Amino acid sequence: MTSFRQYWHVYLWRDVTSRLITVCFLVWTVIGLLSLIDTPAAYTAVAWLAEPAVPAALLTRPWTVLTYMFVHVDFIHLIINMMWLMMFGRIMYHTEGGERTLAMYIYGGIAGALSFLAFNAAAGPTHSMLLGASCAIIGLIGAITVAMPSLKVNLMFFGAVNVGWIGVLAILFFVIMAPSTAESVAHAGGFAVGAAYGLLRRRGIDITRPMRHLLGYFHSPATAFSRRKPTTTNLRGTDADVLDRLLEKVSRSGYRSLSAVERQTLFDLTQRMK
């Protein structure tokens with residue numbers, strides 16, 4: 001039991017990105033097990049968690065604006081989404097903090113849900129549903145791509161790549177190559193709110209503040225998803241000194257006061273602390 005608890009806290013519940021991924025996997029697992037036991041019940045569960053396209057149906061299930069972004073039925077869909085979430089969720093966590101990462105995930109998901117609903121209302125009645133974390137994830141991608149396009153990340157077989165180029169590929173994947181027009185519109189809505197965050201953040205305006213204040217009313221979730229205070233116990237010598245200096249500068253003047261090189265250095269050092 002002790003080893004399981006250690007595994008849970010170290011790998012599955014370590015930070016906001018790990019927790020979002022874990023929740024998505026748990027929901028997928030429950031739906032999958034339910035489908036093996038009682039297929040009609042599984043369909044009913046998905047219908048009650050996924051966002052309906054008809055406004056009248058949404059009025060009877062308003063919680064789906066939030067719950068749909070944690071629901072996946074297809075395993076490939078889940079894996080692809082979680083790979084993108086692991087990459088950009090971690091980047092945003094290390095640069096903007098856990099609370100902003102969670103807030104932007106929710107913002108992107110809500111923006112995608114409203115865009116999906118608006119498109120279907122304009123296009124006519126439909127029986128489709130919206131599910132999956134894609135809209136929330138593309139919101140994170142839009143935020144990072146616009147806020148810090150020159151940030152470099154290391155990719156296997158490619159080396160250091162500007163995050164802006166990865167964002168462009170993500171747009172092609174999520175928006176242009178989406179299975180349906182309604183989903184493309186939903187993904188575009190998620191990206192738009194993320195891009196708005198990036199543009200305003202560069203001007204010193206933080207649109208996640210209302211959501212972070214709202215989360216603050218729920219003590220346990222806010223505590224659970226908050227960013228851990230970085231430590232230097234896994235670093236030695238000069239690296240620890242550099243990290244302390246960068247963190248002190250962030251604490252004193254904010255993350256935006258860091259140069260591009262300092263941001264990359266901070267990201268690299270925090271990655272090595274794992």
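Trainee: Is Phe 173 buried, partly exposed or exposed?

Mentor: This is a predicted model, and the accessibility is computed from it. Buried would require a relative accessible area under 20%, and exposed one over 50%. The relative accessible area of Phe 173 is 32%, so this residue is partly exposed.

Trainee: Which class does Phe 174 fall into, buried or exposed?

Mentor: The limit for a buried residue is under 20% relative accessible area. Phe 174 has a relative accessibility of 2%, and therefore it counts as buried.

Trainee: What is the geometry of the ring pair formed by Phe 173 and Phe 174?

Mentor: A pair of aromatic rings is described by the distance of the centres and the angle of the planes. For Phe 173 and Phe 174, the centres are 5.2 Å apart and the planes stand at 90°. Planes over 60 degrees apart count as edge-to-face. The pair of Phe 173 and Phe 174 is therefore edge-to-face.

Trainee: How many aromatic pairs does the structure hold, and how are the rings of Trp 84 and Phe 88 arranged?

Mentor: The structure holds 7 aromatic pairs. One of them joins Trp 84 and Phe 88, with 6.1 Å centre to centre and 25° between the planes. Planes under 30 degrees apart count as stacked. The arrangement of Trp 84 and Phe 88 is thus stacked.

Trainee: Which backbone oxygen lies 2.8 Å from a polar atom of the Thr 95 side chain?

Mentor: Thr 95 is placed in helix 6, which covers residues 75-96. Its relative accessibility is 5%, so Thr 95 counts as buried. A polar atom of its side chain lies 2.8 Å from the backbone oxygen of Ile 91.

Trainee: With which side chain does the side chain of Ser 18 make a polar contact?

Mentor: Ser 18 belongs to helix 2, residues 16-37. With a relative accessible area of 3%, Ser 18 is buried. At 2.8 Å, its side chain makes a polar contact with the side chain of Arg 90.

Trainee: At what angle do helix 2 and helix 3 pack?

Mentor: Two packed helices are described by the angle between their axes and the distance between the axes. The residues that meet include Ile 31 and Leu 34 in helix 2, and Ala 42 and Val 46 in helix 3. By class, this contact has 7 nonpolar, 2 polar and no charged residues. The axes of helix 2 and helix 3 (residues 39-49) are 6 Å apart, and the packing angle is about 145°.

Trainee: How far apart are the C-alpha atoms of Leu 117 and Leu 130?

Mentor: Leu 117 is found in helix 7, residues 98-123, and its relative accessibility of 14% makes it buried. Beyond its neighbours within four places in sequence, Leu 117 is in contact with residues including Pro 52, Val 54 and Leu 58. Leu 130 lies 13 residues from Leu 117 along the chain, and their C-alpha atoms are separated by 9.1 Å.

Trainee: What percentage of the residues of the protein chain counts as buried?

Mentor: The secondary structure of the protein chain comes to 14 helices and 4 strands. Of its 274 residues, the share that counts as buried is 44%.

Terms used. Residues numbered from 1 in each chain as written. Predicted model: local features only at pLDDT ≥ 70, side-chain atom pairs only at ≥ 80, totals over all residues. Heavy atoms only, no water. Helix = DSSP H or I, 4+ residues; strand = E, 2+ residues; numbered from the N terminus. Buried < 20%, exposed > 50% of the residue type's maximum accessible area, 1.4 Å probe, protein only. Contact = heavy atoms within 4.5 Å. Polar contact = N/O pair within 3.5 Å; in protein donor to acceptor, adjacent residues only side chain to side chain. Axes fitted to C-alpha atoms, helices over the stretch in contact; angles between N-to-C directions. Nonpolar A, V, L, I, M, F, W, Y, C, P; charged D, E, K, R; others polar. Phe/Tyr/Trp six-rings, centres within 6.5 Å; stacked < 30°, edge-to-face > 60°.
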